[in-house]
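This briefing describes the fold of one protein chain and a selection of its residue pairings. Please read it alongside the sequence and the structure shown below.

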Amino acid sequence: MFAHTFLPCTLCHVCQTINFKPWQQLTAGEKFTIMLCNDECDVEEYEAEDENFVSDAALYYIHHPNLATLQKSADDGCQFCYQICYGALNSGSVDVEETGYQQPVYLEMLRSGVAKTPREQLYQGELRVVMGTNRSADFRLREFKDFVNFALVQRNPKSDSTTGSLANLDLAASWLHECQNDHPDCPRHISAQSPLPLRVLDIGSSGNHQRIFLAEGEGRTGSYATLSYCWGKFAPLPNHATTRSNIEERKECIHASILPKTFTDTISVCRHLDIRYLWIDSMCIIQGDADDWQAQSAEMANIYSKSILNISAAFGIDSAAGLFVDRDPRKTYPCPFSCSWIDEDGSAVTSSFLSCVNLDSQMDGQIDTRGWTFQESYLPRRTLRFSASGMYWICTSQNASETLPSGIPPYNTKSDFDKYVRSRPGGSLDCNKDSRQKKYAWWYKILRIYSMRRFSLESDRLIAIYGLASHIGDALQDEYLAGIWISDIARGLAWRVVQSKDNTEEPPIINEHASFAVPSWSWASRPGKLIDYNGIEYTWHESLLIDDSIEDGEPFHAQHTCLDVLSSDFPLEPRKFSTLAMGTYLRIRGLILKARMKKEEFMMVLRPIGEYIFPSYGFPEFDEPVDIGDDLHCLPLFVSPAKRAPTTKEPETRPAMKDNCDTNTEELLSFQIRMLDLGFMLPGTTWCGDGRPHAELKADDCFHCLVLKKVGVEGMKFRRVGYVTINDGNLFEDVLPVILDLV
């Protein structure tokens, strides 16, 4: 462990005497002050309407009467006021003449016993800072004793004004040392015995800065780091790129003058951490050589997984940006303070906390918008991330930062990957039913994040996530078709295109009309669109981040599956993904009914029984424009109990009627006969394989269906155009299964 010298924290008299009170114990004046910050003025009415303010969960403290006194205290040296004023509230840019300048500042603490999510339970509570009606910020609280291993440092703004400072690099070294020696869930075998990639940069050791050159790694072992970064402009190739024409020269020597800032900064970090070898894609893969690129891209999962450390340049738009940024550590470094309150049993409580900036809210950057860097966030065992706000550590056992150097246990989709998808050191993956479902659930969750990533070449979208897919495929022995798993095909096809809550922030769609052909049934066929398996709206910013764990969501439950996969011509080898031809099909056996759009709001699914038509209604979510007169059809994927139906509008099921649509019974019956002629029935494993339900459905059970559009006049080819849920358990009763091709 790398010890730091502890220096006391300077606090003003206001921060030295923080006495929290529950709402009921506040004076009338204190209540009125808090209400002013919430645009309220009637105490009794406010208490009656907002139960949060009359519960014992929250505690309050009037911190400063206005911004002027807060700024003065911060400028006079109070570390906590400085962190609140210039860090959390970013008040350095506030015009002192604006009305908010005279508005009060108060603190609201929520203790861990009433934390709402498992993630919040990792902290000892949360602290909300409110200034006036339009500025607020959130801190997480950790008990002061948690810093026994990482003593606080009084950061000197002059010597520690950059994320690449000596103090920061020492902190990174302490994280790596602790991870390798003390973390039970982190692999210790990734060391000098790890096989090196085919090519690596030999940068010398920390005490011997030798020449930099491209070394042959095949058949050798050693510790190496990888680099995640944004390339920037794709063409022309940068001077530092390795090509067939310069590879022999690179094996002799690489002059530092040709390396971009991000690379030289990374080399400095590696040397400080005593890591001799470094893998960078543009220098270790021969650029412009399709065969070498295909061979090395297929090894990406192994290269990143077996590195001792991945270094992530999070904020730069290209490799010239560098790793490090200038910043004021006083804005974010944890600040100790003591506070007291009267507990529910009437006893006085005094505790010492550290105010910590939320880890997840500050660490994202430009790298989180790019497609190829997505799997680089998951595959490495350890990542040292440099963002615009600071330096972060991510591993299987701990997430840490300058803000919280002692770290917290990880709780997001990255930790889910380490826990459920890839095997632990010396162990094997459990493949029981629950474990399989967790792997699939993880896949569907990360696709939401991945769907919004940008690519210079849209044909890379399926290839750039294959390293993650290979972990699931190997563990489950499942086939991967265009991003969908055959053994979970019904759920896999149930993706939706959802609208962002902030359309103004959506990135431009790149190569939406490129010649690269992805079948309509794959989520990858909608580049630049937000894909989700729950139909929940997100902001574009939310869609880019590694989010909460799958443990936060309800387990998926399909009562019955309604289709079988018979065959597909989609290639299984990732090197062939970029050469897909139009018309790639998925041949299935399932149920199908004609449908009609009505008034551009809802869809009517038509079931002929005798001389009557029984319509059912749903509100489809379309992937592409559809006209009212289009030849639409409804294909059920699975059935779920009515109480789990995710539809936001309650569809109607109306009695049979002859005059409710423009399609007559004879036409519908003729359509059913034509389908039977084109697609012969097979004995199968679906719940209605022989046309008779093998389970009793309730009238309001929910069918989750694809909306299809007929392709051509002859044959049974259909294109996916949308998704719909219909609460009618009788909808497909007596409908016979047929064979059809989704293209």
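**Briefing on the predicted model**

I311 has L384 of strand 14 as its bridge partner. This pairing belongs to a predicted model, in which strand 11 (residues 309-313) and strand 14 run parallel and are joined by four bridges. The protein chain as a whole comprises 18 helices and 31 strands.

**Overall composition**

- Of the 743 residues in the protein chain, 56% are buried.
- Among contacts with a separation of 6 or more, 75% are between residues 24 or more positions apart.
- The chain exposes about 31,900 Å², of which carbon and sulfur atoms supply 49%.

- Eight strands form an open sheet in the order 8-7-10-9-11-14-15-16, and their pairing is mixed.
- Strand 8 (213-216) and strand 16 are the edge strands; each has a single partner strand, so one side of each lacks a neighbour in the sheet.
- From one strand to the next, the twist averages 30 degrees.
- Strand 7 pairs with strand 8 in the antiparallel sense through four bridges, and L201 has L214 in strand 8 as its bridge partner.
- Strand 7 is also antiparallel to strand 10 (residues 277-279), with two bridges between them; here D202 is partnered by Y277 of strand 10.
- In a regular strand, side chains alternate between the two faces of the sheet.
- In strand 7 (residues 199-202), R199 and L201 point one way while V200 and D202 point the other way, and all are buried.

**Helix 6 and its cover**

- Helix 6 (residues 166-182) contains 17 residues and spans 23 Å from its first C-alpha to its last, close to the 24 Å expected at 1.5 Å a residue.
- Its buried residues are N168, L169, L171, A172, A173, S174, W175, L176, E178 and C179.
- The elements covering these buried residues include helix 8 (261-272), together with strand 14 (382-386), strand 15 (391-395) and strand 16 (399-401).

- Strand 2 runs antiparallel to strand 3 (residues 58-64), and two bridges join them; K21 stands opposite Y60 of strand 3.

- Y82 lies in helix 5 (residues 79-88).
- The relative accessibility of Y82 is 12%, below the 20% limit, and Y82 therefore counts as buried.
- Apart from neighbours within four places in sequence, Y82 contacts A74, G87, D328, R330 and K331.
- Y82 and K331 are 249 residues apart along the chain, yet their C-alpha atoms are separated by 6.7 Å.

**Salt bridges**

- The structure holds 26 salt bridges. Side chains of opposite charge can pair when their charged atoms come close.
- D265 and K261 form one of these, with their closest N and O atoms 2.9 Å apart. The two residues are four apart in helix 8, so about one helical turn separates them.
- D265 is buried at 6% relative accessibility, whereas K261 is partly exposed at 43%.
- R461 and E458 form a salt bridge in which the closest N and O atoms are 2.3 Å apart. R461 is buried with a relative accessible area of 3%, and E458 is buried at 7% relative accessibility.
- D623 and R526 meet through their side chains in a salt bridge of 3.7 Å, N to O. This pair links distant parts of the chain, 97 residues apart: D623 is in the loop between strand 27 (621-622) and strand 28 (632-640), and R526 is in the loop between strand 19 (496-498) and strand 20 (530-532).
- Both D623 and R526 are buried. A network of salt bridges links R526, D623, E624, R719 and R720.

Terms used. Residues numbered from 1 in each chain as written. Predicted model: local features only at pLDDT ≥ 70, side-chain atom pairs only at ≥ 80, totals over all residues. Heavy atoms only, no water. Buried < 20%, exposed > 50% of the residue type's maximum accessible area, 1.4 Å probe, protein only. Contact = heavy atoms within 4.5 Å. Areas by Shrake-Rupley, 256 points an atom, 1.4 Å probe, with all protein chains shown as cover. Expected span 1.5 Å × (residues − 1). Pairing = 2+ DSSP bridges. Axes fitted to C-alpha atoms, helices over the stretch in contact; angles between N-to-C directions. Salt bridge = Lys/Arg side-chain N within 4 Å of Asp/Glu carboxyl O.
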